[in-house]
Amino acid sequence: MNQNQSEALFARARQLIPGGVNSPVRAFRSVGGTPFFVKAARGAMLITADDRELIDFVCTWGPAIHGHNHPRIKAAIATALEHGTSFGTPNPYEVEMAELIVKFVPSIQKVRMCNSGTEATMSAIRLARGFTKRDKIIKFAGCYHGHSDSLLIKAGSGALTHGNPDSAGVPASFARETVVLPYNDRAALEAAFAANPNQIACVILEPYCGNVGFIMPDPGYLQYVREITAKHGTVLIFDEVMTGFRIAKGGVQEREKITPDLTCLGKIIGGGLPVGAFGGRADIMDLIAPLGPVYQAGTLSGNPLAMAAGIAGLRMLEELNPYARLDQLGRQLRDAVLAAGRAKGIPVQVPQCGSMFSIFFTATPVRDYDTALKGDAKLFGRFFHACLERGVYLAPSAYEAGFLSTAHDGAAIDRACQVFEEAVRGL
Ligand code: KE4
């Protein structure tokens, strides 16, 4: 596979950009090899610097639910661009975006735009701490909420009372305010509340996990989390940066009929441009500056280009209602991989819901971080490259989710199923 242009670009990039990438997962360190560089994208396809066309199941990590460079999103950006790129003042686009978000996600009574998922979750946590006047937070192993210090924490020795930094540069004092628990474990959550009475400001979780591979909650788990947080006066934050508008028009909370207190959003609402948002109960959101004492700000928050792109994308979701079709295609992919695993005699799990899926090479059902790690990551790496050689691009890590878009037509899915079958057969 000719990678000359990507190799040359990567060599230049590594001189000036740490690891040659602007976000670690893009470096292919988890699956090995040299990352390809992309010069263009359209529909379900990426076009690499070496003029290879790849069927894309990463969709720029979720935003591209309508595929790449969709004409309506492109036109919306072009129209906005006629009037400038950023004003640093309120603008009509952000009002329309807020009205759409509130319409799609009824638990959101008020919403604040920002510029990334990281900002959204960082701000929501600060807001929950300001609202409850408590300092501790609970997160779950395997859930990723961006790279703010309070969230780069792993389970600590005092597992029920504090965490340990999960990155250099995070002070132990910060880690002491974060409790990290196993996902899908009711007893652990109950014990953590008992060990920290009246101290937990918020519980933040990905209601469907997309950053440890794709993991769904046990039946009733999310309802349990909702009940125990309400009982303790703790703010429940759903991080739907990845699942919002993807799992359903109203996200996981619509599908599961759970009402969180705050929701974090991103990705799809920017139509591929930088974006984040957090919103929820008005009595909590009204504590955000300039109304209240919890400070939060951003030069490019509500940027007209990102808003115009996101509005176009949300309106298409409203018109198309593509969710049943996306689930049908996702099931087709899932069934192809499961059948290939059976034929080859390789144990494989393919959790899937709608347009999200992942592939774990393990016989153990994956329901949390520990069982996800039982997946054979090396075998996944070989599978990843076998697919890439055949023109199918999966997330370059066994611990990421795959994404479908409305641009993945039957031919693309059929081709992907054939590639998955060949790749598994060759393992
Ligand atoms: P950003 O700061 O990357 O916009 O969003 C952080 C974030 C927050 N919450 C959830 C549920 C997320 O999935 C993310 C970011 N997702 C990763 C994918 N694993 C982005 C890809 C990357 O880090 O390069």
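Author: What follows is a discussion of the domains, the interface, the sheets and some single residues. The model is a predicted one, in which local features need pLDDT of at least 70 and side-chain atom pairs count only at pLDDT 80 or more, while totals for chains, interfaces and linings use all residues. Residues are numbered from 1 along each chain as its sequence is written, and side-chain values use heavy atoms, with hydrogens and water left out.

Reader: How is the protein divided into domains?
Author: Domain 1 covers 4-65 + 322-425 and domain 2 covers 71-319; the bounds come from an automatic or database domain assignment. The C-alpha centres of domain 1 and domain 2 are 25 Å apart.

Reader: And how many residues are in contact there?
Author: In domain 1, 27 residues are in contact with 25 residues of domain 2, where contact means heavy atoms within 4.5 Å. The buried area between domain 1 and domain 2 is about 2100 Å², and carbon and sulfur atoms give 64% of that area. Buried area is the accessible area (1.4 Å probe) that two parts lose on being put together, summed over both.

Reader: Which side chains form the salt bridge?
Author: The rule finds 1 salt bridge across the interface of domain 1 and domain 2. Asp218 and Arg367 meet in a salt bridge through their side chains, at 2.3 Å from N to O. The term requires a side-chain nitrogen of Lys or Arg within 4 Å of a carboxyl oxygen of Asp or Glu.

Reader: Which elements of domain 1 touch domain 2?
Author: The elements giving two or more residues to that side of domain 1 are β13 (352-353), β14 (356-357) and α12 (369-373). Helices (H or I, at least four residues) and strands (E, at least two) are DSSP runs, numbered from the N terminus. The residues on the side of domain 1 that touches domain 2 divide into 20 nonpolar, 4 polar and 3 charged. Here Ala, Val, Leu, Ile, Met, Phe, Trp, Tyr, Cys and Pro count as nonpolar, Asp, Glu, Lys and Arg as charged, and the others, Gly among them, as polar.

Reader: You mentioned β13 and β14; what is the strand order in their sheet?
Author: The order is β13-β14-β16 in an open sheet of 3 strands with antiparallel pairing. β13 and β16 (402-403) are at the edges with a single partner strand each, so one side of each has no neighbour in the sheet. Two strands pair if DSSP finds at least two bridges between them; β13 and β14 pair over 2 bridges. Gln352 has Phe357 in β14 as its bridge partner.

Reader: What about the sheet with β1? What is its order?
Author: That open sheet of 4 strands has the order β1-β2-β3-β15, with mixed pairing. Within it, β2 (residues 45-48) and β3 (residues 53-56) are antiparallel over 3 bridges, and Leu46 has Leu54 in β3 as its bridge partner.

Reader: New topic: how many salt bridges are in the whole structure?
Author: The search finds 16 salt bridges. Arg315 forms one with Glu96, the closest N and O atoms being 2.8 Å apart. Arg315 is in helix α10 and Glu96 in helix α3 (residues 92-104), so the pair ties together parts 219 residues apart in sequence.

Reader: Which residues does the cis peptide bond join?
Author: Ala289 and Pro290 are joined by a cis peptide bond, with omega about 10 degrees. Pro290 is in the loop between α9 (282-285) and α10 (304-320).
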